[in-house]
Amino acid sequence: MNKTKLGISNCMVAGIIFLLALITSFYSTAVIFAWPFVLLVAYVLLKEDDLWLKASAIKAVLVVLLFILVPILFSFVNNILEFINFFLKIAEATPIQDGWGIIDFFEMLFNIVEKVFLLLLALFAFKGKTIKIPVVDNMIRKHLS
């Protein structure tokens with residue numbers, strides 16, 4: 001098992017990165033909780049030599065970015081519905097309603113999947129393994145030398 005320059009195993013550092021990503025996702029509105037995640041990822045990318053550890057840090061960042069972008073898409077759908085409803089009200093037509101709360105359901109389901117997935121990534125990282133995400137892994141392989 002390789003050790004970092006801090007004397008901690010690579011697996012431990014990668015696991016901590018994913019746990020910090022999980023904590024960041026729980027407290028996404030409070031920027032102060034993101035700083036440890038950002039600092040540890042920056043340290044790994046700048047100072048460490050192990051490619052698996054660097055790939056794990058980049059994977060954590062890409063997964064967090066993905067989990068930030070998807071809720072933006074959900075809000076975009078809500079904005080489109082509001083835009084359409086604005087014109088339907090002008091035309092005195094029946095507005096489109098999300099009566100069953102389908103969008104809210106998918107947002108809630110996505111939040112659960114996010115937390116579970118980050119926890120699984122952390123547990124795998126502590127064992128020195130990773131979960132393969134084809135798009136992310138191909139991007140990392142292509143850009144990490």
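Residues are numbered from 1 along each chain as its sequence is written, and side-chain values use heavy atoms, without hydrogens or water. In this predicted model, local features need pLDDT of at least 70 and side-chain atom pairs count only at pLDDT 80 or more, while totals for chains, interfaces and linings use all residues.

**Helix 1**

Select residues 10–26, which form helix 1; helices are DSSP runs of H or I with at least four residues, numbered from the N terminus. The 17 residues reach 25 Å from first C-alpha to last, close to the 24 Å expected at 1.5 Å a residue, where the expected span is 1.5 Å times one less than the number of residues. Twelve of the 17 residues are buried (under 20% relative accessible area, with exposed over 50% and partly exposed in between; 1.4 Å probe, protein chains only). Now show helix 2 (35–47), helix 3 (51–90) and helix 4 (102–126), which are among what covers these buried residues.

**Asparagine 10**

Go to asparagine 10, in helix 1. Asparagine 10 counts as buried because its relative accessibility is 5%. Leaving aside neighbours within four places in sequence, its contacts (heavy atoms within 4.5 Å) are Asn2, Lys3, Thr4, Asp50, Trp52 and Leu53.

**The largest nonpolar core**

Next, select Ile17, Phe37 and Leu118, which touch the most other members of the 30-residue largest nonpolar core. Such a core is a set of buried Ala, Val, Leu, Ile, Met, Phe, Trp, Tyr and Cys residues joined through side-chain atoms within 4.5 Å. Helices 1, 2, 3, 4 and 5 each supply at least two residues of this core, and helix 3 gives the most, with nine. Around leucine 118, show Phe18, Ala21, Leu22, Ser25, Val63 and Phe67, the residues it touches when those up to four places away in sequence are not counted.

**The second largest pocket**

Select Leu51, Trp52, Ala55, Ser56, Lys59, Thr130, Lys132, Asp137, Ile140, Arg141 and Leu144 to show the lining of the second largest pocket. Helix 3 and helix 5 (134–143) are the elements that give two or more residues to this lining, and helix 3 gives the most, with five.

**Glutamate 92**

Finish in the loop between helix 3 and helix 4, at glutamate 92. Its phi is near 55 degrees, a positive value in a residue other than glycine. Glutamate 92 is exposed, with a relative accessible area of 75%.

Note on methods. On a 1 Å grid over the protein atoms alone, a cavity is a set of points where a 1.4 Å probe fits but cannot get out, and a pocket is an open set with protein on both sides within 12 Å along at least five of seven lines; lining residues have an atom within 4 Å of a point.
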